[in-house]
Amino acid sequence: MVHTRHRIRLSFQLINCAGCSTARIRGVVCPDCSRRPDPWEVNERLLARSAAIKASIELLDRPAVPTAVEPFELDDLQRILRRLDAWHPKFFRAMEAVGDGKPGAEDSVSSAVREISSEFSLLAATPRLRPWVRILDYAEVCVSHLIRMVRCYLQAVSAATPLEAQGAAEEAQRYLDTAVLELQALSDFINVLNSLMTPDAPESKIATLIRLTQQEFDVSDIIALSSAADQQLARIIEVAQVPGGGLGLQFAIQDVAARFYGDQQRYRRVVSESYSLFAAHPQLLSTLASSPDFLPDLQESLLELNDAVAQVMHVLNCGRSIPRQLGRAIVDVAASLVEGPGQLVAISLLTGTGRKTRPYERLRQDNATELLRTVRRYPDLEPLVRGFSLEVRTAQAHRMVRYVDDGITLDTKGGSARLGWHQLGDQVLTAFESAMACLVGLQVALAGRGVTAYDPDFYRSFGILPADLVTLGLIAEGYEAVSVVDTSGCWTIEVTPPSDCKVFRLAGGIAALVPSDVHTLTFLIHQRSGTHVFAGPVEPLRAFSRGDVDGDNYGLATTRALHAWSYDGVRCLTPPVVRRWVAYQIHLLRHDTSINPIPRARALRSLALEIADEELAAVLTAAIRSFRLGSEVDPATTTSLAKLDTWGVTPVEFNIP
């Protein structure tokens, strides 16, 4: 549909006003003397235009309602777009015919209005099945703007004066412009959804999701993304902050996924509600996590959920004619979600809220279907476990599923039922949404109690290797010739960075993605000046993914990390640099009377002890003593403190690589 402006010519009959003799439009009040028109005045051209659009106005006011609508699939959208492209010029030709008073204009307008009205009715009546919900909403909004445009143009051609017609036409143009923008957004959305549904390697899908998440938060590196994701998760569950280590990033990636093939608002709501339920009973939650089977089951459930959504999206991408052999995979996935993640979620909700008291080891031996049925009996829990196909799981277990070309029939104790492939796919994606949201809420609640129930290497559940994800992340940030070699707990990362790159920021950015069994990183950095080596331990870098826990804009974390790392064989932070920085920190504490300086001074002393600078630690002990006693300190303390003044003005060379 072309983004353009249209011109419709309208003519009005004039008459000399009986009051002031000036020319005015027949049948309207004189704008000069306000004389009302005589009863015999008739604007024949206006009447003809009004008659031509009367039936069209009635069509808009009473749209036809489709009797039965097939489930949507992606090819339907292409057909809708082609129909809109054909409709657009047809409608404006009809409006021009009305303006020119051509014979047959009434039928032409009615036909065009009937088409767009039927399009809207069809979209409104189409079942909202995942993963097509957002596409249908986009398309319906777009067509609704076109209908508003049509109504405004109809009002324009039946307006009594040129000024009224112009005002209605300008409003119609605004609706057309908005519809074009919605169509562009719809096109962009479809392109992303296609990339998520194609049977590509898992790492390409996670790379797409990370890129989309970065765009949503307007950040370019993993550190900033992880921090922004933590803040978003904290807002949604209404807490001051969430524990670092990847939970926020895990939530944000799934949140973006839900926007494209699920219900993002529901996903957020289930995360929030499940967290509130779990957090209200911390002792019960700790008991649940203490089971030796719980954490392995949790990790397996995360892996199974991501495998399930990948399989179902691939099948649904086949269109309306899904081969029966592929359709069977959806049935298998639906049953396995009940037996795996569904059972874990059900047990967690029941035991975590005190509805069941038996140990996890015993409950995991119970029938998964019955556990989920029990959960659904509680009004506060039922909305959290929607989508799990209990009837499909039961029928499959008893070999009572019959496969037909467009779906399945089920025979259970409750009777027979029929499900199409797209209906079953919607159930599976809803179950995925429910389980993933509950597990995120569960992990955050446990982390709040100090129980690490999640794996910082959560991306493994997407089925990709950590080195592959780091490679993709670096390429996305503009690095070239990236390679990652894993050798016995040490990663060697070879890159050609952008010209304005700080290598230390690069190291801190990827630390959150480095698995826990990797302890050392070595960067081989190819630049114009040659190949440089930046190396050090991973552990000091992991602090950046936990947020600014020291409250000093990462000052202590940066100092600790740079002291442990070397650039071309030279330690990044030498003792004189550390001492000068510490001297400045003490200077700030002396002049800031709004805070208690002792906790900060103690943290600085702990850093000095970590880096084995005993002289610096002794001076900081003297500083703590002076903060306590003020001017009443002994001469030895005064002598020790004088070193800070010396260190604070000592010239040093320092440049973060």
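Two residues are in contact when heavy atoms of theirs lie within 4.5 Å. In this predicted model, residues 24 or more positions apart account for 66% of the contacts in the protein chain with a separation of 6 or more. The chain has 657 residues, and 49% of them count as buried.

The mean pLDDT is 83, and 88% of the residues reach 70 or more. The chain has 24 helices and 11 strands. Among these elements, helix α9 (residues 264-279) has the highest mean pLDDT, 94, while strand β2 (residues 23-25) has the lowest, 70.

Next comes the interior. In soluble globular proteins, nonpolar side chains tend to be buried together. Here the largest nonpolar core has 189 residues, and those with the most contacts inside it are M149, L521 and F523. Helix α16 (residues 421-448) gives the largest share of this core, 17 residues. What surrounds M149? Leaving aside neighbours within four places in sequence, M149 is in contact with W87, F91, F92, A172, Y175 and L176.

The strands can be followed in two places. Strands of a sheet pair through backbone hydrogen bonds, either parallel or antiparallel. β3 and strand β4 (residues 407-412) run antiparallel and are joined by four bridges, with V404 opposite G407 in β4.

Strand β8 (residues 520-527) and strand β9 (residues 530-537) pair in the antiparallel sense over eight bridges. A hairpin of two residues joins β8 to β9, and Q527 stands opposite G530 in β9. Strand β9 also pairs with strand β10 (residues 566-567), again in the antiparallel sense, over two bridges. In that pairing A535 stands opposite S566 in β10.

Is helix α20 (residues 555-564) mostly covered or mostly open? Helix α20 is mostly covered, since eight of its 10 residues are buried. The buried residues are G555, L556, A557, T558, T559, A561, L562 and H563. Their cover includes α18 (503-510), α19 (539-542), β11 (570-571), α21 (575-591) and α22 (597-610).

S348 is found in helix α12 (residues 324-352). A residue counts as buried under 20% relative accessible area, and S348 is buried because its relative accessible area is 1%. Apart from neighbours within four places in sequence, S348 is in contact with F278, L288, F294, T353 and L442. D61, in helix α1 (residues 44-61), counts as partly exposed at 47% relative accessibility. The C-alpha atoms of D61 and R151 are separated by 9.9 Å, although the two residues are 90 apart along the chain.

Some details of the backbone remain. A cis peptide bond, with omega about 5°, joins R130 and P131. P131 is found in the loop between α3 (105-125) and α4 (133-157). D218 is not a glycine, yet has a positive phi of about 55°. This residue lies in the loop between α6 (202-217) and α7 (222-237). D218 is exposed, with a relative accessible area of 70%. D568, also not a glycine, has a positive phi of about 55°. D568 is found in the loop between β10 and β11 and is partly exposed, with a relative accessible area of 38%.

Conventions
Residues numbered from 1 in each chain as written. Predicted model: local features only at pLDDT ≥ 70, side-chain atom pairs only at ≥ 80, totals over all residues. Heavy atoms only, no water. Core = buried A, V, L, I, M, F, W, Y, C linked by side-chain atoms within 4.5 Å. Buried < 20%, exposed > 50% of the residue type's maximum accessible area, 1.4 Å probe, protein only. pLDDT = per-residue confidence, 0-100. Pairing = 2+ DSSP bridges.
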